[in-house]
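The sequence and the structure are shown first.

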Amino acid sequence: MAIKLDNVGIAVRDIEAAIAFFTDLGLTVLGRDTVSGEWADTAVGLDGNHAKIAVLQTPDGHGRLEFFEYIHPDAIETEPTRPNEIGMHRVAFSVDDIDQSLAIAAKHGYHPLRGVATYGDIYKLTYLRGPSGILVMFAQELKPAGS
């Protein structure tokens, strides 16, 4: 049996804000739609499922995020996930310039939870809260692989 990861789906309160943030980081919108109907109810397991969706792809073509903003049923606000909670945790991006990535995030009002850390002489990394409280990790490799 062949299997591959297709995307990570994230419910957001404002799909336009999520798209703006992640496209500024370099992701590309592959498609947008509004979905509803019996097939959507069956696939998702929610009666009356009606949502705006957008699929974005990383520049390397390997990673995809699917955002959905629920029209019906009403979205349920929850506390943002904390780094030590069980369950869906974060979206991590390998970046070539963490300072530039943080400048883009700051333009949208998002800042590191605590700062930028250095893991040995391998990575500079940080967590921040992005659109709808999504935990986002940026990691910049300090030495190219094989160095």
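Buried means under 20% relative accessible area, exposed over 50% and partly exposed in between, with a 1.4 Å probe and protein chains only. Helices (H or I, at least four residues) and strands (E, at least two) are DSSP runs, numbered from the N terminus. The model is predicted: local features need pLDDT of at least 70 and side-chain atom pairs count only at pLDDT 80 or more, while totals for chains, interfaces and linings use all residues. Residues are numbered from 1 along each chain as its sequence is written, and side-chain values use heavy atoms, with hydrogens and water left out.

The protein contains three helices and eight strands, in the order β-α-β-α-β-β-β-α-β-β-β from the N terminus.

| Property of the protein | Value |
|---|---|
| Span of the C-alpha trace along its principal axes | about 55 × 35 × 30 Å |
| Share of the 147 residues that is buried | 31% |

Helix H3 covers residues 98-107, and its buried residues are Ile98, Ser101, Leu102, Ile104 and Ala105. Seen down the axis of H3, these buried residues fall within an arc of 155° (taken from the directions from the helix axis to the C-beta atoms), so they line one face of the helix. They pack against helix H1 (15-24), strand E7 (123-129) and strand E8 (135-141), where contact means heavy atoms within 4.5 Å.

The two ends of H3 complete the description. At its start, a side-chain oxygen of aspartate 97 comes to within 3.1 Å of the backbone nitrogen of aspartate 99. Just after H3, glycine 109 has a positive phi of about 90°.

Terms used:
A polar contact is a pair of N or O atoms within 3.5 Å; within protein, one must be able to donate a hydrogen and the other to accept it, and residues adjacent in sequence count only if both atoms are side-chain atoms.
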